[in-house]
Amino acid sequence: MTDPAAPDVLLPWPDLDRSHGSWPAGLRVHVWDGSGAGPELSQPELDRVGFWVVPYAAPGTEALLPRLPGLRAVQSLSAGVEKLEPRLPAGVALHNGRGLHDASTAEHALGLVLAAQRDLPRWVEDQRAGRWAPHFLPGLADARVAIVGYGAIGEALERRLLACEAEVVRIARRARPGVHAVDDLPKLLPEVDVVVLVVPENASTVGLLGEPELAALPDGALVVNVGRGRTLDTEALLAETAAGRLRAALDVTEPEPLPADHPLRTSPGVLVTPHVGGGAASFRPRAERFVVEQVRRFAAGEPLANAFPRGS
């Protein structure tokens with residue numbers, strides 16, 4: 001029997017109980033995929049929602065928050081929650097999607113590095129134009145790659161880079177055995193061939209790679225960003241790529257979405273993808289299993305995984 005005092009849950013996908021096991025007895029589950037003006041629920045039904053799993057890659061869904069007065073916890077399916085966190089009312093717990101995108105983001109980062117190092121965009125253009133103009137490229141084997149933001153995604157990327165016979169330099173917010181502190185960037189950057197940003201956006205990371213840091217990179221170095229666009233100074237990067245000194249491969253940009261006429265799109269040596277690194281086929285089944293477990297925990301009154309410290 002349904003407990004009239006128990007809170008409801010709001011999920012982005014239907015029928016998870018059929019594919020991943022039944023819901024706890026009495027749990028009321030509603031579904032909203034982020035489309036339209038909001039869920040097709042009455043306000044009394046919205047009042048009862050205590051746990052909300054925010055639809056993935058659906059901008060503007062945060063506008064629903066004022067209509068959920070009974071909210072106790074919010075689950076983001078993204079690792080980064082910089083847009084969601086400031087809009088949550090006090091007392092609402094926040095949980096992120098840490099771990100759900102490790103493999104797909106690492107794959108995409110590796111793909112960007114290889115595409116840039118082997119100049120795949122040039123070969124695509126030559127194919128379409130009917131040109132046959134071989135030239136030799138730097139490649140990835142024996143390259144020194146700095147991973148800035150060495151967490152779970154950084155570790156997944158490192159495994160792939162090592163398989164390509166690259167040397168990896170690990171950099172995180174704080175130093176630990178085998179990992180440099182981000183404060184060491186000025187002395188590390190002049191010695192790397194590729195730098196990959198995998199950092200979240202917060203007060204300490206906005207503009208992390210700015211004019212001085214980019215200037216410290218050696219000629220011909222590659223800058224890759226699969227974290228957040230604002231962690232890389234766009235204008236400083238454009239100055240370096242326009243001069244032909246640095247190259248870039250970006251899955252995230254500032255601004256985003258990138259306007260059709262933005263100079264990043266035509267700057268020499270720049271490859272841009274539209275923030276798709278975390279969306280590979282592996283994401284959905286992993287996210288579904290995670291959501292089902294989070295709902296089970298919520299219904300049982302157990303601590304939820306991936307708690308994100310508010311105000312961090």
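# Around β11 and β12

Visitor: Where is the place of Pro 257?
Guide: Let's begin with a reminder that this is a predicted model. The peptide bond from Glu 256 to Pro 257 is cis, with omega near 0°. Another cis peptide bond joins Glu 254 and Pro 255, where omega is about 10°. Pro 255 lies in the loop between β11 and β12, and the place of Pro 257 is likewise in the loop between β11 and β12.

Visitor: Good to know! In what order do the seven strands of the open sheet come?
Guide: Strands of a sheet pair through backbone hydrogen bonds, either parallel or antiparallel. Here the pairing is parallel. The edge strands, which pair on one side only, are β8 (180-181) and β12. Reading across the open sheet, the order is β8-β7-β6-β9-β10-β11-β12.

Visitor: Is Val 270 buried or exposed?
Guide: Val 270 lies in strand β12. Leaving aside neighbours within four places in sequence, Val 270 is in contact with Thr 241, Ala 248, Leu 250 and Leu 264. Leu 250 is 20 residues away from Val 270 in sequence and 7.7 Å away in space, C-alpha to C-alpha. The cut-off for a buried residue is under 20% relative accessible area, and Val 270 has 16% relative accessibility, so it counts as buried.

Visitor: Which residues are closest to the centre of the second largest pocket?
Guide: This pocket has a volume of about 280 Å³. At least two lining residues each come from α3 (102-117), α4 (120-129), β11 (247-250) and β12 (270-272). The lining has 14 residues, and the closest to the centre are Asp 119, Pro 121, Arg 122, Gly 269 and Val 270.

Visitor: What is phi of Asp 119?
Guide: Most residues other than glycine have a negative phi, and most peptide bonds are trans. Asp 119 lies in the loop between α3 and α4 and, at 23% relative accessibility, counts as partly exposed. Although Asp 119 is not a glycine, its phi is positive, at about 55°.

Visitor: And Glu 165, is that residue buried or exposed?
Guide: Glu 165 also has a positive phi, near 65°, in a residue other than glycine. You will find Glu 165 in the loop between α5 (152-163) and β7 (167-172). The cut-off for exposed is over 50%, and Glu 165 reaches 57% relative accessibility, so it counts as exposed.

Visitor: Which residues touch the most other members in the largest nonpolar core?
Guide: In soluble globular proteins, nonpolar side chains tend to be buried together. The largest nonpolar core has 27 residues, and those touching the most other members are Leu 214, Leu 217 and Val 223.

Visitor: Which element gives the largest share of this core?
Guide: Several elements each supply at least two residues of this core, among them β6 (144-148), β9 (194-197) and β11. The largest share is three residues, and it comes from α8.

Technical notes. Residues are numbered from 1 along each chain as its sequence is written. This is a predicted model: local features need pLDDT of at least 70, side-chain atom pairs count only at pLDDT 80 or more; totals for chains, interfaces and linings use all residues. Side-chain values use heavy atoms; hydrogens and water are left out. On a 1 Å grid over the protein atoms alone, a cavity is a set of points where a 1.4 Å probe fits but cannot get out, and a pocket is an open set with protein on both sides within 12 Å along at least five of seven lines; lining residues have an atom within 4 Å of a point. Grid points are joined across faces, edges and corners, and a volume is the space filled by probe spheres set on the points. Helices (H or I, at least four residues) and strands (E, at least two) are DSSP runs, numbered from the N terminus. Two strands pair if DSSP finds at least two bridges between them. Buried means under 20% relative accessible area, exposed over 50%, partly exposed in between (1.4 Å probe, protein chains only). Contact means heavy atoms within 4.5 Å. A nonpolar core is a set of buried Ala, Val, Leu, Ile, Met, Phe, Trp, Tyr and Cys residues joined through side-chain atoms within 4.5 Å.
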